[in-house]
Amino acid sequence: MKSDIEIALEAKMEPIQNVGAKLGIEPDELDLYGKYKAKLTDELIDRLKDRPDGKLVLVTAINPTPAGEGKTTTTVGIGQAMEKIGKKAIIALREPSLGPCFGLKGGAAGGGYAQVVPMDELNLHFTGDFHAITSANNLLAAMLDNHIQQGNALNIDTKQIVWKRCVDMNDRVLRNITVGLGRKVDGVTREDHFIITVASEIMAILCLAESMKDLKERLGRIIVAYTYDGKPVTAKELNAVGAMAALLKDALRPNMVQTLEHTPALVHGGPFANIAHGCNSIRATKTALKLADYTITEAGFGADLGAEKFLDIKCRISGLKPDAVVLVATVRALKYNGGVAKENLSEENLEALQKGIVNLEKHIENVSKFGIPCIVTLNQFVSDTQAELDFVKKFCEERGCEFALSEVWEKGGEGGIALAEKIVETIETKENNFHYLYSDELSLKEKMETIAKEIYGAGEVVFEPSVEQQIARIEGLGFGNLPVCMAKNQYSLSDDKTVLGRPEGFPIHIRDVYVSAGAGFVVAITGTIMTMPGLPKVPAAEKVDVNDEGQITGLF
């Protein structure tokens with residue numbers, strides 16, 4: 001059996017101008033990054049603004065397991081299958097981070113015969129967007145420290161600096177550091193911190209900004225610190241906005257690549273829905289809707305994280321309205337939720353499937369809370385038995401949820417035809433009553449409690465004493481009307497990653513809250529979740545290499 005990267009390296013790619021031509025994009029409306037990658041020009045985006053929108057399909061999943069779910073694979077496969085049934089389609093994905101690529105999870109280009117290519121370039125430096133975000137983030141940090149060193153005219157309290165440096169790599173030793181050691185000219189000594197680039201507010205701003213003007217306004221609102229008398233200090237006050245915008249000028253424009261079957265794909269920003277809002281950029285999604293009849297997009301991790309944030313944050317800010325949600329699961333993952341060890345998942349086990357399918361049930365219920373039609377798809381494995389497939393199909397249909405099998409990993413677009421047809425049928429026949437989970441008028445604590453109880457199934461939300469004070473300050477500054485971005489582990493509905501299935505009545509512990517004023521949401525940190533991940537005992541980086549012909553090997 002060929003690996004994902006072997007399949008990707010054998011792919012016969014079309015010049016990206018030819019891929020764009022399928023959507024009516026002129027060659028001079030693409031800025032090329034080699035033969036197979038390009039950025040969309042602002043002129044193209046402006047030309048499209050008066051076109052009607054196509055249909056928007058959001059792909060999400062159950063809680064991830066070591067057995068794998070294949071959400072990105074399914075997203076890519078649906079796009080390819082839509083073209084098989086005569087629909088003009090485009091997919092809109094998030095860019096991969098180097099952290100998972102060299103850590104535990106691997107890349108984010110899909111798998112098998114439902115991949116985005118060039119897979120190796122996409123998973124590594126791509127068009128440099130993440131490097132630009134890292135540079136803009138750290139420029140702001142440098143200007144902040146320089147301001148303090150040069151006299152601190154803004155009266156910044158060095159004990160109340162909230163802006164953190166970032167790097168797009170899992171590096172746990174940088175979580176908590178001391179800077180400014182050495183001579184007086186080396187800066188003011190203080191405690192500092194690193195987060196991974198995808199958790200930076202700059203990433204969120206890039207994904208939520210609709211124009212350069214909007215980007216600069218959002219950058220200016222970033223709160224970097226507080227003064228000795230408790231007033232917020234912004235990036236605008238540090239005169240950092242123009243330089244940051246210059247670094248982000250090209251990164252703001254969506255990237256176009258293609259699938260193995262030459263379906264156009266916009267890949268732009270936004271991974272990590274556990275510690276960030278986890279959605280690709282608004283610019284990419286809205287542009288895709290103007291270019292095709294069907295846009296297939298995804299949000300990170302399970303529906304408790306990525307889908308909730310897509311619907312409550314991204315849609316609220318942008319005005320987007322999904323026409324259907326595809327919920328991805330696998331028989332193997334459901335059995336894992338039912339207590340089966342990873343090495344035994346290939347064996348038929350209806351008892352474990354029945355026990356573990358409650359996780360899928362909860363995610364079906366969660367999607368229904370937003371009023372959007374839902375289609376469950378099983379990403380089929382060769383070890384799945386007919387009895388297991390029939391059990392899941394019946395389970396979904398008994399709950400009024402549409403169902404279709406997916407074989408896109410093995411068969412590409414051909415293996416997703418049944419799913420694509422089910423999506424089209426559902427959009428055309430099912431009522432869509434999309435609404436947000438909570439209103440802007442609720443207090444921040446009420447919003448956090450609503451998400452925890454309605455989406456996770458928690459019985460109570462426990463706020464640490466310092467969090468109560470932080471919430472009071474945020475609301476006192478006028479940010480109480482913002483949506484909430486919950487940072488929670490992805491493996492469980494609870495804040496304890498070891499609790500699988502469908503736990504109920506558990507406490508959610510909130511240990512930190514802060515405002516991302518530029519992005520336009522408030523972040524709540526739950527449990528032990530970290531905004532700077534660490535590498536596992538055997539990181540994926542150990543398997544990555546370059547052969548004598550210059551081809552990268554070991555990526556997955």
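This is a predicted model: local features need pLDDT of at least 70, side-chain atom pairs count only at pLDDT 80 or more; totals for chains, interfaces and linings use all residues.
Helix 7, which covers residues 129–149, gives the most to the lining of the largest cavity in this structure, with three residues.

**The largest cavity**

- The largest cavity has a volume of about 80 Å³, and the residues that line this cavity include Leu122, Leu124, Phe126 and Phe130.
- Among the other residues that line the largest cavity are Glu95, Asp129 and Asp168, together with His125, Gly128 and His131.
- When the lining of the largest cavity is divided by class, six residues are nonpolar, three are polar and three are charged.

**The second largest cavity**

- The second largest cavity has a volume of about 40 Å³, and its lining is made by Ala303, Ala307, Glu308, Leu311, Asn366, Val367, Phe370 and Ile455.
- Two helices, helix 12 (303–318) and helix 15 (358–368), each supply at least two residues of this lining, and the largest share, four residues, comes from helix 12.
- By class, the lining of the second largest cavity holds six nonpolar residues, one polar residue and one charged residue.

**The second largest pocket**

- The second largest pocket has a volume of about 1200 Å³, and it is lined by 43 residues, of which Val162, Lys164, His193, Asp512 and Tyr514 lie nearest its centre.
- The strands that give two or more residues to the lining of this pocket are strand 7, strand 10 (190–196), strand 11, strand 21 and strand 22 (521–526), while the helices that do so are helix 8 (201–208) and helix 20 (465–476).
- The lining of the second largest pocket is made up of 22 nonpolar, 11 polar and 10 charged residues.

- Three strands form an open sheet in the order 7-11-12, and their pairing is antiparallel.
- Strand 7 and strand 12 are the edge strands of this sheet, each of them pairing on one side only, and the twist from one strand to the next averages 50°.
- Strand 7 (residues 156–161) is joined to strand 11 by two bridges, and in this pairing Ile161 stands opposite Ala225 of strand 11.
- Strand 11 (residues 223–227) pairs with strand 12 (residues 232–234) over three bridges, again in the antiparallel sense, and Ile223 has Thr234 in strand 12 as its bridge partner.
- Strand 11 and strand 12 form a hairpin in which four residues lie between the two strands, and Gly230, in the turn, has a positive phi of about 85°.
- Strand 11 is mostly covered, since five of its five residues are buried.

- Four strands form another open sheet, in the order 19-21-22-20, and here the pairing is mixed.
- Strand 19 (460–463) and strand 20 (484–487) stand at the edges with a single partner strand each, so one side of each is left without a neighbour in the sheet.
- The twist in this sheet averages 40° from one strand to the next.
- Strand 19 and strand 21 (residues 507–516) run parallel and are joined by four bridges, and in this pairing Val462 stands opposite His509 in strand 21.

**The cysteines**

- A disulfide is a covalent bond between the sulfur atoms of two cysteines.
- Is Cys374 buried or exposed? Cys374 counts as buried because its relative accessibility is 11%, and Cys396, at 0% relative accessibility, counts as buried too, the cut-off for buried being under 20%.

Terms used. Residues are numbered from 1 along each chain as its sequence is written. Side-chain values use heavy atoms; hydrogens and water are left out. On a 1 Å grid over the protein atoms alone, a cavity is a set of points where a 1.4 Å probe fits but cannot get out, and a pocket is an open set with protein on both sides within 12 Å along at least five of seven lines; lining residues have an atom within 4 Å of a point. Grid points are joined across faces, edges and corners, and a volume is the space filled by probe spheres set on the points. Ala, Val, Leu, Ile, Met, Phe, Trp, Tyr, Cys and Pro count as nonpolar, Asp, Glu, Lys and Arg as charged, and the others, Gly among them, as polar. Buried means under 20% relative accessible area, exposed over 50%, partly exposed in between (1.4 Å probe, protein chains only). Two strands pair if DSSP finds at least two bridges between them. Axes are lines fitted to C-alpha atoms, for helices over the stretch in contact, and angles run from 0 to 180 degrees between N-to-C directions.
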